[in-house]
Structures are given as structure tokens and as C-alpha cells.
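Please keep the model open while going through them.

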Amino acid sequence: ELSFSQFAVNLLGLHLMPWDMPITTMSTYLPMARNQIHNIFIENKDQGSHLLMLASDVLSPPDIINTLLMANKPIIGGRYRKKEKYPIKRLDGTVEITQRPVVYDYDEGKKGFVQRVAPGVGIERVDGAGAGCWLMSRKVAEAIGKSPYGEDSGEDLVLCKRITEAGFEMWIDWSMTCAHLGAFFV
């Protein structure tokens, strides 16, 4: 796989500072790549207070770093939509095709995560979210330890469980709308 060229162009707008340490990986296996980046961040204790995890198919607004930092949350993300399309049947019989946000609530009865149907408003605590756009504090990264992502699909929800088990809350800033390349809508 190759990185989307628009992703690389958008990185230029993130206003990286001389003390920032961009970390990339050549792995195309997502759980392994995410774990490698996370581990390098932990090992370089003097290199930054936060880790921005941004997937190569997620395009963020240029002000995402400053906006998420100003929220002052231990881990907060921007929102993006799943690539899958979902039909929603309205009461009048018409069908709307939509995409759900990659945000989840934990359902105790089902003992698992349930995906949200619609986006929220403002900055909201959530039980889980996709790891395509996260800003994680060093405190959280060190508390959850090395290789926090699962080794198969759903690796981001494994991360969410570890964050919660470590005693931290996760947040989404619904105003930070990211594009998910390859999606029906962006």
C-alpha cells in the first residue's frame, strides 16, 4: 500500500514545530504499524508530551493539533465516518444511505461495543472510537504500556479497553471533522 498523496500534502498544514518528532512506519499491517509508532513514542521520553495518531486515509483539519490540545483531555480524537454504507428506512418508507461515525458505546448487556448511528455535538466522553485520529497524552501512552493495539481487526477497540482499564476517559471533539478517504461521503 502507498500513502494517499493528499495525506502527505495535509501533513504540511499541521504546523509541525522543530521540537516535534514525526514517526512513521513502513508496515502495511495496521495493528503492527500502530504498535510500532506507539512504542517509539514511549521509548523517546524527552520527545513530546502527546502522540497524534493519524491514519494515512484520514485527512484532518489543519488546526486539529491546536484544537485537540486546547481541549486538555488525556486522549481525544477527531471524528470520521466508516467507509461502509448503511441504509436507514424512514417512517415514510424512503431509504437514506448514510455512514456512521467511528465512535462506540459499550453495551453491558452485549458485553461489547456498539457503533453510534449519528454524530454528537461538542466535546463528548465516549467509550470507544477508531484510532485513525487520536491525540494521546504521554501519561496515557505510558500507563497503557507498549503494544496496546490488538493483533487483528478491531485493534483500536482493544486500545480503548486498555485506556479505560488504566482509568482514563476518552473524548471526541465532534467539531473536528476528518475525511476518511475511500468513503462514500467525506
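Which residues do ring pairs link into a cluster? The points below begin with the answer and then turn to confidence, the sheet and the charged side chains.

1. Aromatic cluster. The cluster consists of Tyr104, Tyr106 and Phe113, linked by ring pairs. The structure holds two aromatic pairs. In one of them, the ring centres of Tyr104 and Phe113 lie 6.4 Å apart with planes at 75°, so this pair is edge-to-face. Tyr106 and Phe113 form an edge-to-face pair too, because their planes stand at 85°, with the ring centres 5.4 Å apart.

2. Is Tyr104 buried or exposed? Tyr104 counts as buried, because its relative accessibility is 9%, under the cut-off of 20%. Tyr106, by contrast, has a relative accessibility of 30% and therefore counts as partly exposed.

3. Confidence. The model is predicted, and its average pLDDT is 83. A score of at least 70 is reached by 81% of the residues. Where is confidence lowest, and where is it highest? The lowest mean, 55, belongs to helix H1 (residues 5-12), while the highest, 98, belongs to strand E8 (residues 123-126). Where pLDDT is low, the predicted coordinates should not be read in detail.

4. Sheet. An open sheet is built from five strands, in the order E1-E10-E3-E11-E8, with mixed pairing. Strand E1 (50-54) and strand E8 are the edge strands, each pairing on one side only. On average, neighbouring strands of this sheet are turned by 25° against each other, direction ignored.

5. Pairing of E3 and E10. Strand E3 (residues 75-79) and strand E10 (residues 133-137) run antiparallel and are joined by three bridges. Within E10, Met136 stands opposite Ile75.

6. Helix on the sheet. Which strands does helix H2 touch? Helix H2 (residues 30-43) packs on the sheet and touches E1 and E10. The direction of H2 makes about 165° with that of E1.

7. Charged ends over rings. Two further placements may be inspected in the side chains. Lys73 has its charged end over the ring of Trp171, at 3.8 Å from the ring centre. The charged end of Arg138 is placed over the ring of Phe41, 4.0 Å from the centre of that ring.

Note on methods:
Residues numbered from 1 in each chain as written. Predicted model: local features only at pLDDT ≥ 70, side-chain atom pairs only at ≥ 80, totals over all residues. Heavy atoms only, no water. pLDDT = per-residue confidence, 0-100. Helix = DSSP H or I, 4+ residues; strand = E, 2+ residues; numbered from the N terminus. Pairing = 2+ DSSP bridges. Axes fitted to C-alpha atoms, helices over the stretch in contact; angles between N-to-C directions. Contact = heavy atoms within 4.5 Å. Phe/Tyr/Trp six-rings, centres within 6.5 Å; stacked < 30°, edge-to-face > 60°. Buried < 20%, exposed > 50% of the residue type's maximum accessible area, 1.4 Å probe, protein only. Lys NZ or Arg CZ within 6 Å of the ring centre and 35° of its normal.
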